[in-house]
Amino acid sequence: MIRIRPSAERGHFDFGWLNTRHTFAFGDYRDPEHTQFRALRVLNEDRIAPSQGFGTHPHQDMEILTWVLEGALEHKDSQGGGGTIRPGELQRMSAGTGILHSEFNASATDPVHLLQIWILPEAQNLAPRYGQTAFPQEGRRNRFQLLASRSGREGSLDIHQDAELHVADLEAGKALEYLLAPARSAWIQVARGGITLNGLSLGAGDGAAISQETSLDIAAAEASQLLLFDLA
């Protein structure tokens with residue numbers, strides 16, 4: 001079963017400094033039909049104006065992943081983690097027992113475009129931690145590249161959940177197959193471009209909740225980037 005979450009139906013707020021779209025209920029966006037999918041709790045697409053950002057604020061008991069599509073995002077946290085996140089780099093912050101952090105657009109002239117992802121951890125009150133890894137572009141060209149996993153295999157960032165995050169950059173006309181193990185579910189998010197998923201069309205910003213499927217056939221109608229969450 002594949003259920004499309006159209007981009008235009010997501011929650012949308014434009015605060016001037018922040019233009020954001022929420023796939024699931026978040027903040028002032030209430031949507032009882034879309035609160036989470038399996039352990040995937042938040043999937044926000046943010047555009048932050050130059051020199052603007054989120055001031056210091058707390059989080060607890062959440063695996064927070066940040067994937068930048070365009071621009072650069074500066075991060076600082078109370079555990080001493082920090083750095084600038086650019087396209088091709090994934091940041092992982094395990095909030096655990098509690099962490100304070102801030103994110104700002106690192107440019108005074110250009111906006112930053114990113115996906116903010118929250119995954120529910122498999123246990124609470126874990127020690128907070130921070131990690132950031134750059135993934136070579138050739139590793140996702142017309143194939144899936146593993147960014148995050150519970151085991152941390154293949155150089156991915158490890159997270160406290162039986163979940164995997166993959167990314168693929170597809171050239172127009174290229175296709176991929178992804179096999180889902182029994183009892184696994186998946187979420188696909190189109191970051192840019194347009195694809196077909198088992199014959200269904202998805203454009204930039206569209207998502208798809210996938211369950212009770214064993215094979216995903218993905219073809220790019222144009223140059224595209226997509227994220228795939230493999231979930232217990």
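Q: A salt bridge is a side-chain nitrogen of Lys or Arg within 4 Å of a carboxyl oxygen of Asp or Glu. How many salt bridges does a search of the whole structure find?
A: This is a predicted model, in which local features need pLDDT of at least 70 and side-chain atom pairs count only at pLDDT 80 or more, while totals for chains, interfaces and linings use all residues. Residues are numbered from 1 along each chain as its sequence is written, and side-chain values use heavy atoms, with hydrogens and water left out. When the whole structure is searched, the number of salt bridges found is 12.

Q: How many residues apart in sequence are the parts that Asp158 and Arg92 tie together?
A: The side chains of Asp158 and Arg92 meet in a salt bridge, with an N to O distance of 3.1 Å. Asp158 belongs to strand S14 (residues 157-158) and Arg92 to strand S9 (residues 89-94), so the separation in sequence of the parts they tie together is 66 residues. Strands here are DSSP runs (E, at least two residues), numbered from the N terminus. The separation asked for is therefore 66 residues.

Q: Is Arg92 buried or exposed?
A: Buried means under 20% relative accessible area, exposed over 50%, and partly exposed in between (1.4 Å probe, protein chains only). Asp158 has 26% relative accessibility and counts as partly exposed. Arg92, at 5% relative accessibility, is buried.

Q: Which residues are linked with Arg10 in a network of salt bridges?
A: Arg10 is buried at a relative accessible area of 6%, and Glu45 is buried at 8%. The closest N and O atoms of these two residues are 3.0 Å apart in their salt bridge. Arg10 lies in the loop between strand S1 (2-5) and S2 whereas Glu45 lies in strand S4, so parts 35 residues apart in sequence are tied together. The network joins Arg10 with Glu45 and Arg47.

Q: In what order do the 7 strands form an open sheet?
A: Two strands pair if DSSP finds at least two bridges between them. The edges are held by S2 (11-14) and S12 (129-134), each with a single partner strand, so one side of each has no neighbour in the sheet. With antiparallel pairing throughout this open sheet, the order is S2-S3-S4-S11-S6-S9-S12.

Q: Which residue in the turn of the hairpin formed by S2 and S3 has a positive phi?
A: S2 and S3 pair in the antiparallel sense over 4 bridges, with Gly11 opposite His22 in S3. There are 3 residues between the two strands of the hairpin. In the turn, the positive phi of about 90° belongs to Gly16.

Q: How many of the 8 residues of strand S17 are buried?
A: S17 runs antiparallel to strand S22 (residues 224-231), with 7 bridges joining them, and Ala186 stands opposite Asp230 in S22. S17 also pairs in the antiparallel sense with strand S20 (residues 207-210), over 4 bridges. Strand S17 (residues 185-192) is largely enclosed by the rest of the structure, because its buried residues number 7.
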